Amino acid sequence: MAERLLEVSGLSTHFFTHAGVVKAVNGVSFTLDRQETLGIVGESGSGKTVTALSVMRLVPDPPGKVVAGSIDLKGRDLLAISEDEMRQVRGNDIAMIFQDPMTSLNPVYKVGDQIAEAVMLHQDKGKKEAWNMAAELLKRVGIPDAKHRVTQYPHEFSGGMRQRAMIAMAISCNPDILIADEPTTALDVTIQAQIIEVVIEMQQAYHSGVILITHDLGVVAEMSDKVMVMYGGRTVEYGPVDEIFYNAHHPYTWGLLGSLPRLDLAEKTRLTPIRGNPPDLMLLPEGCPFSGRCGYERLECRAVWPQLEIVGPEHGVHCHIPADERLARRAELPRFLDQAS
Ligand SMILES: Nc1ncnc2c1ncn2[C@@H]1O[C@H](COP(=O)(O)OP(=O)(O)O)[C@@H](O)[C@H]1O
Ligand SMILES: [Mg+2]
């Protein structure tokens, strides 16, 4: 049996702002095992980053608060431990690579100093040893001439190298869980592929579990074992990667799959971008946040959040449309994936 690292149940995180309550995450549940990769996908604003920040207990408070749920890390409830203990958890057990490297790298310190600092914070190592380790880590994430690079400042690094430096810092303490939040969004395609390669290598070397947050289903297909599809702060569908790609049950997942760039069409052709706009998280319906945009809506959709329905091996969906009708609707769609490929 795989070792269970993380179990998140019924997590809800809201922001209490002057304008109203922003219900960013609503009742989200997932698990992560050792060496497993969970992809979290969904449009911008669907609650992916806030979910990760909740696990790290880095949601800015005020205005943010985890209002419900539990976060269990190897038998410890992360919502119940002290801030001091949580500081130990960050770095030792869970590390996060942020969307924008400049939010984690301090522009006024040398890259080597910053990695060495992270090393000394969590390991019993002297300055010189930590500095050597920084160079070694940079080398390990594929930065050439690492001995020279450690003496440089973040602005002397390219975007891809900054991401690599962040990964080096994240893995410096050999975390069980690595959370990568859109680590490649700002990078060109070749560099993106290289960064993903580094994350995979690190996962294999350190046997970590990885949570990969992205709005790019292509990246998810390549890297993930299982996928959580988020919409309006909810998990609408959850399952092994093949189930999500070849047996998707939620209309929102179909929309995402339909907007994948297709190799058989002109490069980067977006087939059917999902019509309409993401929901206002201050005015979410009691029911499904995708109602209003779905196209297959029924009377109960706006009013009642559908219960989890198991539709395949470890594959669940929240949707009021009866399963047989869902499959009929799906069959009417343009083929969004070539089953043969
Ligand atoms: N500090 C904050 N104050 C108020 N709202 C916030 C704050 N941080 C995030 N949110 C809101 O939470 C929602 C989810 O954001 P986020 O998790 O960053 O989305 P994603 O990562 O999926 O693009 C967004 O509507 C965002 O505006
Ligand atoms: Mg985000």
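Val21 counts as partly exposed because 15 C-beta neighbours lie inside 10 Å of it; a residue is buried with 20 or more other C-beta atoms within 10 Å of its own, exposed with 12 or fewer, and partly exposed in between, C-beta atoms being placed from the backbone. This is a predicted model, in which local features need pLDDT of at least 70, side-chain atom pairs count only at pLDDT 80 or more, and totals for chains, interfaces and linings use all residues. Residues are numbered from 1 along each chain as its sequence is written, while chains are lettered from A and ligands numbered from 1 in the order in which they are written.

Val21 belongs to strand S2; helices (H or I, at least four residues) and strands (E, at least two) are DSSP runs, numbered from the N terminus. Leaving aside neighbours within four places in sequence, Val21 is in contact (C-beta atoms, placed from the backbone, within 7 Å) with His14, Phe16 and Met282.

Helix H6 is largely enclosed by the rest of the structure, because 12 of its 13 residues are buried. Among them are Gly160, Arg162 and Ile171. The cover over these buried residues includes helix H3 (111-122) and helix H7 (189-206).

Conventions
Contact = placed C-beta atoms within 7 Å.
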